[in-house]
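Hi,

Here is the structure I promised to pass on. Have a look at it first, and my notes follow below.

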Amino acid sequence: MGREHLARLSRARTPGRTAAGAALSVLSVLSALLLLMLTAVPADAGSDGFRGETARAVRAHERARARVDRLREEDAPVTEVRAAERRRKAVRAGLWDRLWATGRNSGDPVAVDPSGRDGHCPFGDRSRPVGQRSPAWTAPIHHYWLSAGYAAKGSRWAHRHTGQDFAVDTGSPVYAVGSGTVQATTCGDGFGNQVVIRHRDGYFTQYAHLSRIDVRKGERMTAGRRIGLSGATGNVTGPHLHFEVRITPYVGSAVPPLPWLHRKDVRVGGPSLDAVRRDYHCCRGR
């Protein structure tokens, strides 16, 4: 679960920063790391065998989904489309059961406390539906830098990165990318305060490290509706939004998020954090 974010070059870094503030930042990072080390993980959950089987199931589901899409585009017989869709759902059901059991054993709050009540998550006032007609799909946040991408390697997470990070200031509004139902609103693990939404196409989107949650489990959502504010809760080193697309609500079923958004006609782009860093170090003295 060890997912961290590269420290952002933020306007919050000023010469007037106090030693006490720096000490609190260090303590918050150490606390997050300690929480990760104390988390009980099932014996098979960390094995290469378990991860390998899970990864194969994810790939099998995506192949089945692509086949269903292709058959529909080709106007294939209804019986053939239905058979392919049953195959996709069967793969997802097996993956769902496996990851739900693992999440329960490891204390994943999405499996144990999906409403966030036991964890006393920081809920704000409920957000309101979008006033104007909302698009079918949209980006999860505005005015961002792209940071760690899907499947990136690094010492700051246990294996490969499972989502797309958007570097933003704390308190930036975070939006539902599409219509659906809030599956979980949790806090207390490496993801910090998070929201998981189930969409009509069967996929789930996760929004992690929030400073505040403005929706509740079971609430109906539309694209562009605010779900909370960005932050730096959980296992992080700087404020950002960690965004995932999953086949199930649980860790281990993530798929590449940007291609998924692209299929919804949502274009996500902009400078990467590495590029911003290079420009900063190159030209700050000019």
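Helices (H or I, at least four residues) and strands (E, at least two) are DSSP runs, numbered from the N terminus.

Please keep in mind that this is a predicted model: local features need pLDDT of at least 70, side-chain atom pairs count only at pLDDT 80 or more, and totals for chains, interfaces and linings use all residues. Residues are numbered from 1 along each chain as its sequence is written, and side-chain values use heavy atoms, with hydrogens and water left out.

Glycine 107 comes after α3 and has a positive phi, near 85°.

Now to the aromatic rings. Rings of Phe, Tyr and Trp (its six-membered ring) pair if their centres lie within 6.5 Å; planes under 30 degrees apart count as stacked, over 60 as edge-to-face and the rest as tilted. That rule gives seven aromatic pairs. In one of them, the ring centres of tryptophan 96 and phenylalanine 204 are 5.5 Å apart with planes at 70°, so this pair is edge-to-face. It links distant parts of the chain, with tryptophan 96 in helix α3 and phenylalanine 204 in strand β6, 108 residues apart. Both tryptophan 96 and phenylalanine 204 are buried. Tyr144, Phe166, Tyr207 and Phe243 make up one aromatic cluster.

Best wishes

Notes:
Buried < 20%, exposed > 50% of the residue type's maximum accessible area, 1.4 Å probe, protein only.
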